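Morning, everyone. Have a look at the model first.

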Amino acid sequence: MSSARKLRIGIVGGGFMGRVHGRSALVSGATVAGAVGSSPAKAAAAAEATGAERGYATLDELLAADIDVVHVCTPNNTHLDVTLKALEAGKHVVCEKPLATSVHDAIGLATAAQEAELVGALPFVYRYHPMVRELRTRIAAGDAGIITSLHGSYLQDWLAGVDDQNWRVDDETGGPSRTFADIGSHWCDLMEFVTGDRIAAISAQLRTIRSERGGVAVHTEDLATAQFRTVAGVVGTVVVSQVAAGRKNRLYLEVSGTESSFGFDQEDPDRLWVGRRDASQLLTRDPDTLSAPAVRVNRLPAGHAQGYQDAFDSFVADSYRAVLGDHPDGLPDFAAGARSARVVDAVLRSHPADSAWITVDND
């Protein structure tokens, strides 16, 4: 990772995700040279939160500085403007998801990064759990046999209360979809990543449980359910919710097959369930027994818990490898962000049409 020390990083946004990005940048050996807060007055606070050398009052000042990579950790409706400015300034970009709040804008950003020959990466970080890479390797090797169904959920409870509030609730700031765009996108990306298959059509239902928060009407969904079929003809279902009491960040994916089935739980990421007719087993993360793709993103010895921040650290390290000219396997780029925007758009179009089946553009 020593080559990453040559990189100088700028972070836009000093909230929770800004702190996560800043820590991963430092762990990867880069220098966090500057940070921009949500206002000039918050520049110093953003620098302190992200571990940056100094705070900048404006984005323009940061982009004019000696910066190689810009991390965009601002509200969703700002991603288009901030990312375009960074690309135009010749900076590589790591942008929080969603890449943009519309398909048109997400495709535009993916195209802009490609034409500028700059790295654009998006933190679908659950790809970076070693047991996810192990699952992907086993499916590619045919261990599942014929994949018969795909199912799972992503459940949280942080917006379950009547007084719970966040900028993501506002459709002007967060975009027209909240729960599916925020966490359903993770589940869909993970499913497509491990199977190598893509959602071809989807039928969804959205529901807003808290129609009013803080005296303001809510127009984004608290939960969503969807059934889908893939390009290969596999059927599947997913439930996503931000109002499921007791569930903090429970992403669960199960791949059912005629020979073996596999289950991955993000809250227990060091284990992978393997189900067979004669006997099932629970695989534990151990670099001595894992496949080579899983070992590549393994960070700790067996028996030492490895979790979300470790996955994020591996994602950022791969992003910096790409900036330095490498081509790391499985790095989610802006094309993955545009792909996610297409799936979210299909979900939004399905709901008001009485859960109509909507074809997902797979270009």
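Which residues point one way from S13, and which the other way? Arg250, Tyr252, Glu254 and Ser256 point one way. Leu251, Leu253, Val255 and Gly257 point the other way. All are buried, meaning under 20% relative accessible area with a 1.4 Å probe, protein chains only.

Quick housekeeping. This is a predicted model, where local features need pLDDT of at least 70, side-chain atom pairs count only at pLDDT 80 or more, and totals for chains, interfaces and linings use all residues. Residues are numbered from 1 along each chain as its sequence is written, and side-chain values use heavy atoms, without hydrogens or water.

Back to S13, residues 250-257. Strands are DSSP E runs of at least two residues, helices H or I runs of at least four, numbered from the N terminus. Eight of the eight residues in S13 are buried, so the rest of the structure largely encloses the strand.

Now its partners. Pairing requires at least two DSSP bridges between two strands. S7, residues 147-155, pairs with S13 in the antiparallel sense over eight bridges. S14, residues 261-265, is also antiparallel to S13, over four bridges. Take Leu253: Gly152 stands opposite, and in S14 the bridge partner is Phe264. A hairpin through three residues joins S13 to S14.

H8 (179-195) is one of the helices that give two or more residues to the lining of the largest pocket. H8 gives the most, with four residues.

Terms used
Buried < 20%, exposed > 50% of the residue type's maximum accessible area, 1.4 Å probe, protein only.
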